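Hi everyone, thanks for coming. Let me put the structure up on the screen, and then I'll walk you through a few of its features.

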Amino acid sequence: MATMPMGWPQIRIVLIASLGQFIGQGLATLVGIVIPLMRLAAHPGLSAGLQGLLGCVSLIGIMVGTVVFGRLSDRYGYLLFFRLCPLIIAGASLAAAFTNSVPLLLALLFLMGFGVGGEYSLDPDYISELMPEKWRVYMVGVAKALASAGSAVVAAVCYFLIIRRGAEGGGTYLFLVITAIAAIMLVSRIGFAQSPQWLLSRGEKAKAETAVKKLLGPDVVIPVPQKVSHTPANQQSMGGFIKDNFAKIILTGIPWACEGLGVYGIGIFLPVLIMSFRLDTLPATATPIGHITHSVGLTFILCVVMMVGFTCGILMLRRFNHLKMQSVGFLASAAGLGLLLAAYLCHWPAWIAISGFAIFEIFLNAGPHLITFILPSRVYPVADRGTGSGIAASLGKSGAVIGAFIIPVLLKWGGATLVLIVSIAVMVAGALITIAMRRAARP
């Protein structure tokens, strides 16, 4: 299995597992589109705090889901939760499409995020164990890169739906896009099999061989497992796990939290920020829905730029040190935001501001957004991987939660200037923590 060439079975596994990343980033993009539509049509008095809560509640669900499903998958296997997560997302998003109640929408967004959180802890584990050794890290990176495709697809579909239906019902009908993606995920996983490595860790070699043959073909042989010298995470208290792996947790989790502000804090409120940064070039006479539609169109363009960043990062994965890619990516992202801040304060042409935003997106996605996703599966052994990945993703989403909640508040307190200053500081902090901790827990 470790030495076989890449073929359709492996590509199929990557595509199916990557749908979790696809829908997670797509959900974040959609929430950022729905919020201004709600303010326009259904809830004009929506406060900055409530906007922040709507923006971050799905991320709270992700944060909880990564730990819960990571722990459960280490105990009971991956397959059940690999199918359950898209079912949760589909049911919650379908209900959200037909409600105008803010409290109910908050609860449904949490459930959607809870399901996505499970995806974030399961997807890289499935991919990393089933790829040939030569392609393992590369394909985990490809899976994460498809997150930007989720943003672009959702932004494009929403753009055309808004042109057709406007702010009807506060825009919650757009959640049907998430329902459709989740349904595709669920159907694609019906014929999947249990994690072979998880079965091996339980001593069930015959079942592991059957699972490998189902996933990769009848001629594939699973390697003999190496003996594990430490206590598996599923037989260890969470406190004991944290104590034994503290340096790994800091390295894999805290920079992920810093990256989370850029990916989700800024990403969720991208349409709002585009208007706040004066990147919306429509005349003052344009209608409110016209400004929103234009900002969604520019959001799609920036999502395509994210894909360029991911592509560059994937091409560099085999050539450069991953931690160096992460630290340089943070610093270059901060520089891009610095250019955007200068263009905003000095009233430079919009193309300069957009260029700064593009630099930020390219380096954030080529470096931190890609590498933080890869690190846990490289740092932790198989027996601990679900728990380690879950903790790392949970810490990452804690930064995203804070970022998504505070962006509207910062806009109210100090406008675009304060948003950019805080974001630059967080990017620099991510670089410094990566540099400081890289010797403490080498991946």
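This is a predicted model: local features need pLDDT of at least 70, side-chain atom pairs count only at pLDDT 80 or more; totals for chains, interfaces and linings use all residues.

Residues are numbered from 1 along each chain as its sequence is written, and side-chain values use heavy atoms, with hydrogens and water left out.

Let's start with helix H6, residues 176-188. Helices here are DSSP runs of H or I with at least four residues, numbered from the N terminus. By buried I mean under 20% relative accessible area, with exposed over 50% and partly exposed in between, using a 1.4 Å probe and protein chains only.

Now, how many salt bridges does a search of the whole structure find? The search gives 5, counting a side-chain nitrogen of Lys or Arg within 4 Å of a carboxyl oxygen of Asp or Glu. One of them joins Arg189 and Glu119 at 2.6 Å, N to O. Arg189 sits in the loop between H6 and helix H7 and Glu119 in helix H4, so this pair ties together parts that are 70 residues apart in sequence. Both Arg189 and Glu119 are buried.

Another salt bridge links Glu209 to Lys205, with the closest N and O atoms 2.5 Å apart. These two are 4 residues apart in helix H8, about one helical turn. Glu209 is partly exposed at 30%, and Lys205 is partly exposed too, at 36%.

On to the cysteines. With a disulfide taken as a pair of cysteine sulfur atoms within 2.5 Å, the count is 0. For Cys258, the closest cysteine sulfur is in Cys56, 18 Å away, too far for a bond. Cys258 is buried, at 10%.

Last stop, the surface: Phe300, Ile301, Val304, Met307 and Val308 form a nonpolar patch with about 370 Å² of accessible area together. Patch residues have over 30% relative accessible area and no salt bridge; nonpolar side chains (Val, Leu, Ile, Met, Phe, Trp, Tyr) are joined within 5 Å, and like charges within 9 Å. Areas come from the Shrake-Rupley method with a 1.4 Å probe, and for residues only the protein chains shown count as cover. Ile301 lies in helix H12 and is partly exposed, at 48%.

Definitions and conventions. The expected span of a helix is 1.5 Å times one less than its number of residues.
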